[in-house]
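Thanks for coming. I will go through one model, and you can follow it on the screen.

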Amino acid sequence: MSAVMITRKLRKWEKLPGKNTFCCDGRVMMARQKGIFYLTLFLIIGTCSLFFAFECPYLAVHLSPAIPVFAVLLFLFVIAMLLRTSFSDPGVLPRALPEEANFIEMEIEAANGSVPSGQRPPPRIRNVQINNQIVKLKYCYTCKIFRPPRASHCSICDNCVDRFDHHCPWVGNCVGKRNYRYFYLFTLTLSLLTIYIFAFNIVHVVMRSVDQGFLSTLKETPGTYPFKYEYILLLVCFFTLWSMVGLTGFHTYLISLNQTTNEDIKGSWSGKNRGQNPYSHKNIVKNCCEVLCGPTYPSIAAEKSSAPKDDPPLAAKLPPLASPETDAETSIVKNQ
Amino acid sequence: MATEFHNLQEMQHTASLVTKVFIQRDYSEGTVCRFQTKFPTELDNRIERALLEQTVKTLNSYYVEAEKVGGQSYLEGCLACATAYIVFLCMETRYEKVLKKISGYIQEQNEKIYAPRGLLLTDPIERGMRVLEISVFEDRGSSGSSPSSSMSSCSTAR
């Protein structure tokens, strides 16, 4: 009849609601659907493996050994950026705890006054002035907070994300304040890698055909089954190239204006009657520096943040507002 | 008026929570982290205005220091980029260093100023940098405060 209480302190990320999956004790944070991310990995690693296996030996011998070396470095950088984008916290805003949610509700009700029954209450919007521009902060009914400027709620991950750009299925995660620069570097270096492989693929074909004559090149190059690997490479690179270069160009444009994809799609700062972007420094270099070389924000969700202490335990009576989720400890009672 | 708590631990373990007051973010200067210096009316008879204002102003200055886009942040960014951000596995970023300072500052302020008055500041990082939460504990000096009346009106007001 004795009960054994096992108390284990819940990590911060274990308490986080929302549809994220975590690995490695909270160091890896991704969305739930990861299928397309595995496809991205497969395409990059597969294409590069074909390049290293079939093209590089010839190029290293006939041109320069620096070519495969540089390709390896570029490939490693691309993979590092991809993993960094996919695995890091995009800037998730934790949901309001019950006390905060109630406090905000009280403020809203005080501001609205009494609404006659039958009438819909006014929409929950707060206006703030940023750099002479009125910005509307919307209330998030899921997270129970007024979203900070530039934040948006991702329905796939079910979180509010700060400086929300978009949810990218190719990296299996949202792109937000914390991982935008890694995402941009990923698209940039992947474009470079694709161009590099495409270019040297063509160089390889040209050099072989000069050596041997074009028709025999088509027949004799390595991997000559129905599928000639270098033609697969050329095809994959060709299509990847256009999409990646286009995407990189688009994000370079956004960075120079200090806008997010979300704002661009919604047309928040375009058009005459919408106003000017209050976050832009009106200087391309300053905008780029802020986005790419700005401070690295801490993750609020992960355990590794510098203030891992939870709420001080309240031993005596708690007010009715506190819910079990705010307790720092979970107890598992075993009856023996 | 002033309560006679001896230290932070004693207050945490024996006092009961009355309410929580939230100081919101001040977005007038953009998305930089800054808290409003407006004094919440609920704390009128618990703490002097100047003290709270000083705390909030100091916190704001810490955040400005953390988020400053200048020579050091460029250097850090470029160095990290050149190493494919692997250097962040071994090195602490400037923001994290400042956050540690902030955490120490809040602890010190709690011990010296807020706990003796029955208040407790929560580090904003624990609340997603959205609010500065001030927990108000039972005022031992006053006779029999009733914490539940204001709370029940909150929970039914949906």
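Chain B exposes about 7,500 Å², and carbon and sulfur atoms supply 53% of that area. Accessible areas here come from the Shrake-Rupley method with a 1.4 Å probe, and for residues only the protein chains shown count as cover. This is a predicted model, where local features need pLDDT of at least 70 and side-chain atom pairs count only at pLDDT 80 or more, while totals for chains, interfaces and linings use all residues. Residues are numbered from 1 along each chain as its sequence is written, chains are lettered from A and ligands numbered from 1 in the order in which they are written, and side-chain values use heavy atoms, with hydrogens and water left out.

Staying with chain B, 51% of its 158 residues count as buried. Buried means under 20% relative accessible area, exposed over 50%, and partly exposed in between, with a 1.4 Å probe and protein chains only. Chain B has 5 helices and 3 strands, in the order α-β-α-α-α-β-β-α along the sequence. Helices (H or I, at least four residues) and strands (E, at least two) are DSSP runs, numbered from the N terminus. Of the contacts in chain B between residues at least 6 apart in sequence, 63% join residues at least 24 apart; contact means heavy atoms within 4.5 Å.

UniProt, in an unreviewed entry, places "domain: Golgin subfamily A member 7/ERF4" at residues 21-133 of chain B. UniProt positions are in the numbering used here, feature names are shortened, and annotations may be inferred rather than shown by experiment. That span of chain B is 45% helix and 10% strand, with its end C-alpha atoms 6 Å apart.

For chain A, an unreviewed UniProt entry gives "transmembrane region" at residues 36-54, 66-83, 182-207 and 231-250. Residues 36-54 of chain A are 100% helix and 0% strand, with end C-alpha atoms 27 Å apart. Residues 231-250 of chain A are also 100% helix and 0% strand, and there the end C-alpha atoms lie 29 Å apart.

Now the charged pairs. How many salt bridges does the structure hold over all chains? There are 16, a salt bridge being a side-chain nitrogen of Lys or Arg within 4 Å of a carboxyl oxygen of Asp or Glu. One of them joins B:Arg130 and A:Glu100 at 2.8 Å, N to O. This pair crosses between chains, from the loop between β2 (119-122) and β3 (131-137) of chain B to helix α3 (residues 98-112) of chain A. Both ends are buried: B:Arg130 has a relative accessible area of 7%, and A:Glu100 has 2%.

Within chain A, A:Arg124 and A:Glu105 form a salt bridge at 3.2 Å, N to O. The two are 19 residues apart, A:Arg124 in the loop between α3 and β5 (125-130) and A:Glu105 in helix α3. A:Glu105 is buried, at 5% relative accessibility.

In chain B, B:Asp44 and B:Arg49 pair at 3.5 Å, N to O. B:Asp44 is partly exposed at 44%, and B:Arg49 is partly exposed at 46%. Salt bridges with shared partners also join A:Glu99, B:Lys20, B:Arg127 and B:Glu133 into one network.

The structure holds 1 cavity of 30 Å³ or more, and the largest cavity has a volume of about 40 Å³. On a 1 Å grid over the protein atoms alone, a cavity is a set of points where a 1.4 Å probe fits but cannot get out, and lining residues have an atom within 4 Å of a point. Grid points are joined across faces, edges and corners, and the volume is the space filled by probe spheres set on the points. The lining of the largest cavity includes A:Pro295, A:Thr296, B:Lys68 and B:Tyr95.

Notes:
On a 1 Å grid over the protein atoms alone, a cavity is a set of points where a 1.4 Å probe fits but cannot get out, and a pocket is an open set with protein on both sides within 12 Å along at least five of seven lines; lining residues have an atom within 4 Å of a point.
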